[in-house]
Structure formats: C-alpha cells, structure tokens
Amino acid sequence: MKIGKNVQINDFVHITAVENVLIEDNVLIASKVYISDSSHGSYKGDENDSNPNLIPKDRLLVSKPITIKENVWLGEFVSVLPGVTIGKGTIVGANSVVSKSLPEYVIAVGIPAKPIKKFNFQSQKWEKYR
C-alpha cells in the first residue's frame with residue numbers, strides 16, 4: 001500500500017491491501033469508506049468460481065490492484081472494489097459502490113457508481129455527463 005502526500009483519511013475507514021492499493025496526492029477520504037483490493041473467492045462465472053459450500057473465510061483470496069489518482073474525493077460510506085482506478089479529480093458521492101474504473105474529472109454516484117457530471121475546463125463548470 002502506498003499513500004501520497006496531503007491525503008486526508010477520516011474515521012472508520014477500512015483499507016485492505018493484499019496486492020496493492022495506491023492512493024495518490026491530495027486525496028480526501030470521508031468517514032466510513034471501504035477500500036479493498038481483494039475478495040474471498042472468485043465469482044466470474046468461469047472454471048475458477050468459488051464453491052458456496054466452502055466457508056467464506058476458507059475460500060481462495062483473489063486480488064486486483066486499486067489506484068486512486070490525485071485530487072479524488074470519496075464521500076461518506078463509499079466502497080471501492082478490487083481492480084478499480086478512479087481518475088484524477090473525480091468525486092464519488094456518498095454511499096456509492098465503485099465496482100468499475102471511473103474517468104478523470106467526473107462526479108459519480110450510485111450502486112454501481114456511474115458518472116453524472118464532468119468538469120468542462122473551457123467553461124470552468126460541471127456539466128451533465130454524456
């Protein structure tokens with residue numbers, strides 16, 4: 001795990017780094033955020049799938065690295081799942097679940113988190129995401 005400069009991590013944040021979690025500079029992580037690069041088992045629908053009859057803690061640990069780019073803001077109760085990259089300057093709204101990578105300079109919300117706005121550097125305004 002690597003944490004950059006000027007990163008603010010608030011109370012009750014849970015970070016699991018089995019493989020790699022990279023948090024770049026100037027990231028703000030609100031309270032009660034969950035970030036994990038791993039899962040107990042595989043559930044892709046292929047020959048490596050975990051058997052539900054196995055006790056969850058005994059299932060093979062599977063991991064994919066996470067990257068949180070600079071100037072990202074994660075709102076309260078956000079969950080960031082394995083294999084995700086969150087682009088520079090992106091804001092993730094409270095209670096969102098980031099299960100897929102997000103582009104830079106967007107506001108993303110929901111379960112799963114999806115971009116709803118993008119910053120326009122010409123107009124200097126947040127505009128509806130297309």
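Predicted model: local features only at pLDDT ≥ 70, side-chain atom pairs only at ≥ 80, totals over all residues.

User: What makes β1 and β4 a pair?

Analyst: Two bridges link β1 with strand β4 (residues 21–23), in the parallel sense. The cut-off is at least two bridges, so a count of two qualifies. Within this pair, I3 stands opposite I23 of β4.

User: Which sheet do these strands belong to, and in what order do its strands run?

Analyst: They sit in an open sheet of four strands, ordered β1-β4-β9-β12, with parallel pairing.

User: How do you know whether T67 is buried or exposed?

Analyst: Set its value against the cut-off. T67 has 18% relative accessibility, and buried means under 20%, so T67 counts as buried. You will find T67 in strand β9 (residues 66–68). Setting aside residues up to four places away in sequence, T67 touches L22, E24, V84, T85 and I86.

User: What makes V97 partly exposed?

Analyst: The relative accessible area of V97 is 21%. Buried requires a value under 20% and exposed a value over 50%, so V97 falls in between and is called partly exposed. V97 lies in strand β14 (residues 97–98).

User: Which residues does V97 contact beyond its sequence neighbours?

Analyst: Leaving out neighbours within four places, V97 is in contact with S79, L81, G110, I111, P112 and A113. V97 and Y34 are 63 residues apart in sequence, with a C-alpha to C-alpha distance of 9.3 Å.

User: And the chain as a whole: how many helices and strands does it have, and what share of residues is buried?

Analyst: There are zero helices and 17 strands. Of the 130 residues, 31% are buried. The C-alpha trace spans about 55 × 30 × 20 Å along its principal axes. The chain exposes about 8,000 Å², with 53% of that supplied by carbon and sulfur atoms.

User: What about its charged side chains?

Analyst: The chain carries 16 positive and 13 negative side chains, and the centres of the two sets lie 8 Å apart.

Conventions. Residues numbered from 1 in each chain as written. Heavy atoms only, no water. Buried < 20%, exposed > 50% of the residue type's maximum accessible area, 1.4 Å probe, protein only. Areas by Shrake-Rupley, 256 points an atom, 1.4 Å probe, with all protein chains shown as cover. Lys, Arg positive; Asp, Glu negative; His and termini not counted. Charge placed at Lys NZ, Arg CZ, Asp CG, Glu CD. Contact = heavy atoms within 4.5 Å.
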